[in-house]
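I opened the notebook to record what I looked up in this entry, beginning with the whole chain and then turning to a single residue.

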Amino acid sequence: VADAALSETGYERVDRSEEVVTREYSVAGLTREVQVTNVVTEYDRAVDLGPLGRYRAAVFAVVSSPQVRLLWKTFNPLGEMTTDEVAALVNDRYENVRDVSRDRTYRVSTLGEDRTVTRYAAEALLLDGEVGGDIYLYVGEVASVDGDFVVAVGAHPRVLDDSAAMLRLFET
């Protein structure tokens, strides 16, 4: 995310992690073991909830995953996922997010092209799983950039109208 977008929205980078994944792929009788490194960069914007302290009210993450090619075929499933499929993956992977349903779409300029960002309505457990609340989940269209697939995902409680800031983060 561009420094200007972080400055304008009040978001801060909070983490960058790498996950190494090893898989074996076969094509046309050729089998290769492939090791890739996925990079996840996380950002958030905290709010002060008085006696409850500061809380990560809104989060944004960018995932970069290498395109794996063997002969003429690409093997990274991220490259073919729609925003609905990425949202379903979030719903399946994080037990505190549930009942994800498509709400609306936006067009934003991302990585030099107009791309779709889809907003979903969902429910989530907030404040360390102690409080249930309605959230908006944003999923950007998967982009192909310099040999990687890149996707961004963000979320904020519906009571905080953070849509403009969230869309600004996608405009990088």
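Predicted model: local features only at pLDDT ≥ 70, side-chain atom pairs only at ≥ 80, totals over all residues.

For the overall fold, I listed 3 helices and 10 strands, which follow one another from the N terminus as α-β-β-β-β-β-α-β-β-β-β-β-α.

For the dimensions, I took the box filled by the C-alpha atoms along the principal axes, which is roughly 60 × 35 × 30 Å. I also compared the radius of gyration, 17 Å, with the value near 16 Å that a compact globule of 172 residues would have, and the two agree.

Among the contacts with a separation of 6 or more, I found that 52% join residues 24 or more positions apart.

On charge, I counted 18 positive and 30 negative charges, whose mean positions lie 3 Å apart.

Last, I turned to N38, which is found in strand β2, residues 30-48. Is N38 buried or exposed? I recorded it as buried, because its relative accessibility is 14%, under the 20% cut-off. Leaving out residues up to four places away in sequence, I found that N38 touches S17, E18, E19 and V21, and also S64, S65 and P66. With one of these, S65, the side chain of N38 makes a polar contact, side chain to side chain, at 2.5 Å.

Notes:
Residues numbered from 1 in each chain as written. Heavy atoms only, no water. Helix = DSSP H or I, 4+ residues; strand = E, 2+ residues; numbered from the N terminus. Rg over C-alpha atoms; globule rule 2.2 N^0.38 Å. Contact = heavy atoms within 4.5 Å. Lys, Arg positive; Asp, Glu negative; His and termini not counted. Charge placed at Lys NZ, Arg CZ, Asp CG, Glu CD. Buried < 20%, exposed > 50% of the residue type's maximum accessible area, 1.4 Å probe, protein only. Polar contact = N/O pair within 3.5 Å; in protein donor to acceptor, adjacent residues only side chain to side chain.
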